[in-house]
Amino acid sequence: MAKNVLEILCGVGYIPTYSVKNLDSAQWVLEELAEKKPEIILVLTDDMAALQQIAAQNPGTVVGAGNILGANECIAAVNAGAGFVVSACFDAEIAQAAKDALYIPICQTFAEMTAAQKAGIHTVGYYPCMAGGAGSLDIVARHFPDLKLVVMGESTVSSMGDIIAKTCVSALGIFRGMPDTADFVSADTFYKNAEDAVTGYETWHIGINTPSSEDAFALASELNALLGLPIKKGPTGNFFVGTDIEVMKSYYRGTNGHIAIRTNKVPCAMYRFAKKGYKWDMDTAWPLEDGSILTIYLDVNTEFGGFAVHLLKKS
């Protein structure tokens, strides 16, 4: 089960985090979850009855339990329906007690991260704001290249987008807030901000097919004369006119060409497209040295107005 939970976590890219004191105070959470139907959430509570109620009423949602203290509390949370558990620091007894549930310890020090990895854990929670800011993520990645992070504590869409774009970050833990507080927003706003942070979609360029390199250069020159935008030959021999138009030297993907969509997190975008029934051509995936995907096309039979679509990782 832990593997499936991890796949959902990495696909969604963020974990809405709810604080629940007891069963009575969980009603607004239950109402919101019934409306939004998220795939995964984290519940911070000491009340296992509240956790059990949330899990029981949301069978399509992976419910995690946070602030877990010790093995006994971990077992109680799993019995209440938790698909994953989070503790404030690495605890070897919790790791053992979690069994089939995914265990995500929050690790702020290299010593904790080392201990977690030795226990077979490859995804941990992390608060950059407690370790010198987002720049500390690059330091962690250099020392622990096989470790993936669930980053907690970021609140703005721009900062979250910059962070989720990093290869070492699997997901964001985003605190939902509490009703009747100044920073509480509607469920629609909260979930839209989270989606925008993870996907960050931008139309990057349009590719136009031509039969040959000579034809490509001729069309690029015509567009240059019309628009005054500079021509630059790309690494694959295609011609860019400015940054928004790529003139292809052959009939590549798409009847007419292609549309490049930039995104903060290629795996999260792929996950969302796949959930909507689209398929990816893995043969077109362009891997980078760090293991991430720079670009990938939808399958060859998928076109929009005669244009193929490929994703492109934001730098």
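This is a predicted model: local features need pLDDT of at least 70, side-chain atom pairs count only at pLDDT 80 or more; totals for chains, interfaces and linings use all residues.

Me: What share of the contacts in the protein chain with a separation of 6 or more comes from residues 24 or more positions apart?
Reply: A contact here requires heavy atoms within 4.5 Å. Among contacts with a separation of 6 or more, residues 24 or more positions apart account for 56%.

Me: Are H2 and H3 roughly parallel or roughly antiparallel to each other?
Reply: Two packed helices are described by the angle and the distance between their axes. The axes of H2 and H3 (residues 48–57) come within 10 Å and cross at roughly 15°. Angles under 35 degrees count as roughly parallel. H2 and H3 are therefore roughly parallel.

Me: Which residues make the contact between H2 and H3, and what is the handedness of the crossing?
Reply: H2 contributes Val 29, Leu 30 and Leu 33 to the contact, while H3 contributes Gln 53, Ile 54 and Gln 57. As for handedness, H2 passes H3 in a crossing that is right-handed.

Me: What covers the buried residues of H2?
Reply: The buried residues in H2 are Trp 28, Val 29, Leu 30, Glu 32 and Leu 33. Just after this helix, Lys 37 takes a positive phi of about 50°. The cover over the buried residues of H2 includes S1, strand S2 (40–44), H3 and helix H9 (187–199).

Me: Is the pair of Tyr 18 and Trp 28 stacked, tilted or edge-to-face?
Reply: A search of the whole structure finds 12 aromatic pairs. In this one, the ring centres of Tyr 18 and Trp 28 are 5.7 Å apart and the planes lie at 55°. Stacked planes are under 30 degrees apart and edge-to-face planes over 60, so the pair of Tyr 18 and Trp 28 is tilted.

Me: Which elements does the pair of Tyr 18 and Trp 28 link?
Reply: Tyr 18 and Trp 28 are both buried. They are 10 residues apart, and their pair links distant parts of the chain. Tyr 18 is in strand S1 (residues 14–19), and Trp 28 is in helix H2 (residues 27–36).

Me: Is Tyr 278 buried, partly exposed or exposed?
Reply: The rings of Tyr 278 and Phe 273 form a tilted pair, with centres 6.1 Å apart and planes at 55°. Phe 273 has 18% relative accessibility and counts as buried. The relative accessible area of Tyr 278 is 31%, and buried means under 20% while exposed means over 50%, so Tyr 278 is partly exposed.

Me: Which residues form one aromatic cluster with Phe 273 and Tyr 278?
Reply: Phe 273 and Tyr 278 belong to one aromatic cluster.

Me: Over the face of which ring does Arg 262 lie?
Reply: Arg 253 lies over the face of Tyr 297, at 5.5 Å from the ring centre. For Arg 262, at 3.9 Å from the ring centre, the ring is that of Trp 204.

Me: Which residues does Ile 293 touch, not counting residues up to four places away in sequence?
Reply: Ile 293 is found in strand S15 (residues 293–298). Its relative accessibility is 18%, and Ile 293 counts as buried. Beyond four places in sequence, Ile 293 touches Val 266, Met 270, Ala 285, Trp 286, Pro 287 and Lys 313.

Note on methods: Residues are numbered from 1 along each chain as its sequence is written. Side-chain values use heavy atoms; hydrogens and water are left out. Rings of Phe, Tyr and Trp (its six-membered ring) pair if their centres lie within 6.5 Å; planes under 30 degrees apart count as stacked, over 60 as edge-to-face and the rest as tilted. Helices (H or I, at least four residues) and strands (E, at least two) are DSSP runs, numbered from the N terminus. Buried means under 20% relative accessible area, exposed over 50%, partly exposed in between (1.4 Å probe, protein chains only). A charge sits over a ring if NZ of Lys or CZ of Arg is within 6 Å of the ring centre and within 35 degrees of the ring normal. Axes are lines fitted to C-alpha atoms, for helices over the stretch in contact, and angles run from 0 to 180 degrees between N-to-C directions. Angles under 35 degrees count as roughly parallel, over 145 as roughly antiparallel, 65 to 115 as roughly perpendicular and the rest as oblique. A crossing is left-handed if the near helix is turned anticlockwise from the far one by less than a right angle, and right-handed if clockwise.
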